Amino acid sequence: MPGTASSGLQFDEPPLFERSVPGRSAVSLDPLDVPDRDPGALLGSLLREQAAGFPEVSEPEVVRHFVRISQWNFAIDTQFYPLGSCTMKHNPKVNEWAARLPGFAGIHPLTPAHLAQGALEVMVRLSELLAEIVGMDGCNLQPAAGAQGELTGLMMMRAYHQSQGRSPHKIFIPESAHGTNPASCALNGFAAVPFPAGPRGIVEPETLKKALDEAGDDVAGLMITNPNTLGLYEAALPELIRMVHERGGLVYGDGANMNAVLGKARPGDIGVDVMQFNLHKTFTTPHGGGGPGSGPVAFKAKLAPFQPGPVPSRAADGSYFFDSDRPQSVGQVRSFYGNFGMMVRAYTYIRELGAEGLRNVSEKAVLNAAYLTARLRDLFPLGIDTPSLHESVFSDKALEQKTGVKTLDVAKRLIDYGFHPPTVYFPLVVRGALMIEPTETESRETLDQFVEALESIVQEAETEPELVKAAPHLTRIRRLDEARAARKPRLRWTPTAAE
Ligand SMILES: Cc1ncc(COP(=O)(O)O)c(C=O)c1O
């Protein structure tokens, strides 16, 4: 079997609390050499009546606990991870070296600016580089994820409209958009107005024009992902932007897929007003399971007054300071200045590669996706048969009609072959979608093994469909009830005895 996963040996591991033994410890403290004061007298009513109930364990127990549970999951450092729309690319280890330099790793967020000049300089330089990469006038590093960047950019758009004495509330969003786009609009009090893309998978000016005409004056803006979630370049973007601007609206660019166009196209040059980056997708900072990520927002000069503060800034004498004097700012969106460790990693990555290297990243990401498309298109038809950039969306509905094996079954079976499944059932505009994004760092050998695994799975679906439907077979835990896990998650540990 090509690329078959080894089942290996994985250990069961209870929550750390269940390993706790009273009095066991991972540290040994020196004897107390100051007077033993009565804590009650010191703390008064703040004194806890009962101990906090932290696990009491030795150092080897803690180490084994975390190493064991780290081995239960897929990781980009262990397997190919072609999760479309998530850009799971290799995080270079030099980033970790830089982020762990004691001056960066140990700095306290409340360190006064005059003692944090190096950290401030990294932030200012990174924001300048990011703005340059996308052709914008400035970039704010505070948001902690792509979705929070969207929220922040939309807050800035609203503040801008208000400063012009307008309060439009419709934001137009193509149907193929990432789910966070309409959610960010709703959180901002905007109405997300969806409209369909054309048969080639990209937005056609006539469709947008019709939607805009129906809205009359109520056009707050367009929110558009480019390249879009089908991996397609929105070729009509200059025309779309012109139409929105003519009606007083602003254009929000979802820059989560910048990995496909670095050094090739700059959203700012095309006319985008504000956009977010997903540093964890494009600039190799770890994804971090929901955080800490980083979603800086880049903007044109007219939106600069509304960015979140305080803003790390460079003074005329070349020193650095936090600019808190920002009366039109939308306010602070994240504690302190954002996830600083991610900024150091992204800065290191950009400096390590330089302009040529970044362009090369996008060329290789697109080449790898094109290679997979060419090798897979006879196995699974493309959702929309247009040449795509960094990712391709295939449809396996023909396989389901023929064998009864569903998209989810194919995805689960891939795990047995040692691959993380691609994104499935997204975007919604393609039935039975398998969205595959290989990224630039994968070798041809890995891509070939992945294709061979899918070929084997299709063969199995035809000869032994039950085997595929019951996958995965080689994992520690077999197929989970995903709906129940999402709807009734058990997020809180309770002692077994009390259950
Ligand atoms: C197109 C697009 N927009 C927004 C997001 C949201 O980013 P995040 O997951 O960092 O909040 C993603 C996530 O992958 C995305 O693909």
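Analyst: **The largest pocket and its surroundings**

Helix H14 gives the largest share of the lining of the largest pocket, four residues. The model is predicted: local features need pLDDT of at least 70, side-chain atom pairs count only at pLDDT 80 or more, and totals for chains, interfaces and linings use all residues. Numbering starts from 1 along each chain as its sequence is written, and side-chain values use heavy atoms, without hydrogens or water.

H14 spans residues 407-416. Helix H2 (59-70), strand E11 (423-424) and helix H17 (482-487) also each supply at least two residues of this lining. (Helices, H or I of at least four residues, and strands, E of at least two, are DSSP runs numbered from the N terminus.) In total, 36 residues line the largest pocket. Trp72, Asn73, Phe74, Ile415 and Thr475 lie nearest its centre. The volume is about 1,200 Å³. (On a 1 Å grid over the protein atoms alone, a pocket is an open set with protein on both sides within 12 Å along at least five of seven lines; a cavity is a set of points where a 1.4 Å probe fits but cannot get out; lining residues have an atom within 4 Å of a point. Points join across faces, edges and corners, and a volume is the space filled by probe spheres set on them.)

By class, the pocket lining has 18 nonpolar, 13 polar and five charged residues. (Ala, Val, Leu, Ile, Met, Phe, Trp, Tyr, Cys and Pro count as nonpolar, Asp, Glu, Lys and Arg as charged, the others, Gly among them, as polar.)

Take H2. The loop between H2 and helix H3 (93-99) holds Thr87. Thr87 is not a glycine, yet has a positive phi of about 45 degrees. Thr87 counts as buried, because its relative accessibility is 0%. (Buried means under 20% relative accessible area, exposed over 50%, partly exposed in between, for a 1.4 Å probe and protein chains only.)

Now E11. Tyr425 sits in the loop from E11 to strand E12 (433-436). Tyr425, also not a glycine, has a positive phi of about 60 degrees. With a relative accessible area of 37%, Tyr425 is partly exposed.

H17 comes next. The loop between helix H16 (465-469) and H17 contains Pro472. The peptide bond joining Ala471 and Pro472 is cis, with omega about 5 degrees.

Another cis bond runs from Gly309 to Pro310, with omega near -5 degrees. Pro310 belongs to the loop between E7 and E8. Gln307 is in this loop too, between strand E7 (297-299) and strand E8 (311-314). Gln307 is buried, at a relative accessible area of 6%. Beyond neighbours within four places in sequence, Gln307 is in contact (heavy atoms within 4.5 Å) with Asn140, Met156, Phe299, Arg326, Ser329 and Val330.

Seven strands form an open, mixed sheet in the order E1-E7-E6-E5-E4-E2-E3. (Two strands pair if DSSP finds at least two bridges between them.) Strands E1 (138-140) and E3 (191-195) are the edges, each pairing on one side only. From one strand to the next, the twist averages 25 degrees. Strand E2 (residues 170-174) runs parallel to E3, joined by five bridges. Phe172 has Val193 in E3 as its bridge partner. Helix H8 (residues 205-215) packs on the sheet and touches E2, E3 and strand E4 (221-225). The directions of H8 and E2 make about 160 degrees. (Axes are lines fitted to C-alpha atoms, for helices over the stretch in contact; angles run from 0 to 180 degrees between N-to-C directions.)

The structure holds three cavities of 30 Å³ or more. The largest cavity has about 100 Å³. Fourteen residues line the largest cavity, with Asn226, Leu237, Met258, Pro267 and Val272 nearest its centre. Strand E5 (250-254) and helix H10 (267-270) are the elements that give two or more residues to this lining. Its classes are nine nonpolar, three polar and two charged.

The second largest cavity has a volume of about 70 Å³. Its lining includes Leu230, Leu232, Leu382 and Ile384. Gly383, Thr386, Ser388, Ser392 and Val393 are also in that lining. By class, it has five nonpolar, four polar and no charged residues.
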